Amino acid sequence: MSTVPPVGPPAGSAPPGLDPERLRAYLDRERPGLVGGPLTVRLIEGGRSNLTYDVTDGRARWVVRRPPLGHVLATAHDMKREFRVISGLHPTRVPVPTPVLLCEDVEVLGAPFYVMEFVEGKPYRTSQELAPLGPERTHAAVLGLVDTLVELHAVDPEAVGLGDFGRPEGFLDRQLRRWGKQLDASRNRDLPGIDELHAALGRALPDSPAPTVVHGDYRLDNVLIGGEGDEIRAVLDWEMSTLGDPLTDLGLLVMYGTELDLPDSPITTTASAAGHPTADEIVARYAAASGRDVSAVHWYTAFAWFKLAVILEGIHYRYTLGQTVGAGFDRIGELVPVFIQHGLTTLQKG
């Protein structure tokens with residue numbers, strides 16, 4: 001699911017938030033020989049929170065991640081946490097970029113940041129982007145996404161140094177309360193059904209399976225696909241990762257794979273692409289490969305609809321305050337009831 005990306009800086013200029021000369025001086029000091037010449041920096045568009053830059057010296061390429069400009073809550077954009085999970089997963093079968101360096105000194109770029117290898121591949125954000133692959137390759141690519149999620153959830157957190165990466169006890173209850181608080185912080189209009197959905201989710205809270213590393217925002221446009229076999233080359237955007245209930249990742253994946261049927265919407269999914277697996281196929285693939293009981297998947301999917309409704313309402317709220325810039329934000333508010341209804345309908349199916 002994707003929104004319209006922001007407009008980047010003028011061609012030839014360094015984007016805000018990353019000074020190439022200061023970055024090179026730091027890398028020369030901390031990793032002598034890594035950089036072979038002046039750095040050129042390009043902001044990678046499409047990110048929703050932390051800023052991502054493509055950096056090259058003309059010979060090699062890296063990616064730099066840092067919090068958004070003017071961020072206040074460091075815990076919401078924890079570079080050390082992202083770097084830690086990538087470093088822990090790198091030796092496993094989960095494809096992640098090679099971590100290079102973490103910098104917690106805010107004097108270098110104005111905020112903590114980390115550097116990782118650049119991985120060639122494409123994130124698919126819309127059905128139109130998937131169309132050139134054709135039905136068979138699209139089908140295989142999305143099922144590959146499911147298989148990679150199974151690999152992630154098979155990692156033993158203790159074995160990769162992530163045993164204390166989160167608090168899995170009471171995870172679902174805390175998640176539900178957290179997003180309820182987020183909703184309250186954005187309330188400035190009546191939203192029929194959203195309190196009903198929140199309460200119904202609370203009454204039907206399932207028992208969680210054994211905790212795993214959870215990505216938190218797992219979907220097709222948060223991975224890079226490439227190579228002759230359209231394999232998953234790298235899983236990106238770990239800022240919401242933690243230890244918790246693995247089926248929350250599955251519920252999000254099912255939601256992101258549901259066709260919205262909203263023409264000209266600023267919110268898009270890949271579900272209408274020819275060959276895209278159905279929700280039932282995604283769930284069956286995950287269940288067969290993971291061996292987990294997925295009988296409560298409707299709850300997790302309904303929770304995903306609720307969570308996205310809250311996120312969209314927050315965007316709409318900021319739009320009403322004049323705090324958003326770009327195309328499409330004026331239509332976000334009308335989409336929130338659609339997500340609420342999907343959540344209610346999905347929960348009733350369960």
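In the residue classes used here, Ala, Val, Leu, Ile, Met, Phe, Trp, Tyr, Cys and Pro count as nonpolar, Asp, Glu, Lys and Arg as charged, and the others, Gly among them, as polar. The views below show a predicted model.

**View 1. Lining of the largest cavity, formed by 13 residues.** The structure holds 2 cavities of 30 Å³ or more, and the largest contains about 100 Å³ of space. Leu-220, Tyr-256, Gly-257, Thr-270 and His-276 are the lining residues that lie nearest its centre. By class, the lining of the largest cavity comprises 8 nonpolar, 3 polar and 2 charged residues. Helix H5 (134-154) and helix H8 (247-256) each contribute at least two residues to this lining.

**View 2. The aromatic pair of Tyr-26 and Phe-113.** The structure holds 5 aromatic pairs. In the pair shown, the ring centres of Tyr-26 and Phe-113 are 5.8 Å apart and the ring planes meet at 70°, so the arrangement is edge-to-face. Because Tyr-26 belongs to helix H1 (residues 20-30) and Phe-113 to strand E5 (residues 113-117), the pair ties together parts that are 87 residues apart in sequence. Tyr-26 is buried, at 9% relative accessible area; Phe-113 is likewise buried, at 0% relative accessibility.

**View 3. An aromatic cluster of Trp-299, Tyr-300 and Phe-303.** These residues are linked into the cluster by ring pairs.

**View 4. Charged ends of Arg-61 and Arg-81 over aromatic rings.** The charged end of Arg-61 is placed over the ring of Phe-118, 3.6 Å from the ring centre. For Arg-81, the charged end sits over the ring of Phe-165, at 3.9 Å from its centre.

Note on methods
Residues are numbered from 1 along each chain as its sequence is written. This is a predicted model: local features need pLDDT of at least 70, side-chain atom pairs count only at pLDDT 80 or more; totals for chains, interfaces and linings use all residues. Side-chain values use heavy atoms; hydrogens and water are left out. On a 1 Å grid over the protein atoms alone, a cavity is a set of points where a 1.4 Å probe fits but cannot get out, and a pocket is an open set with protein on both sides within 12 Å along at least five of seven lines; lining residues have an atom within 4 Å of a point. Grid points are joined across faces, edges and corners, and a volume is the space filled by probe spheres set on the points. Helices (H or I, at least four residues) and strands (E, at least two) are DSSP runs, numbered from the N terminus. Rings of Phe, Tyr and Trp (its six-membered ring) pair if their centres lie within 6.5 Å; planes under 30 degrees apart count as stacked, over 60 as edge-to-face and the rest as tilted. Buried means under 20% relative accessible area, exposed over 50%, partly exposed in between (1.4 Å probe, protein chains only). A charge sits over a ring if NZ of Lys or CZ of Arg is within 6 Å of the ring centre and within 35 degrees of the ring normal.
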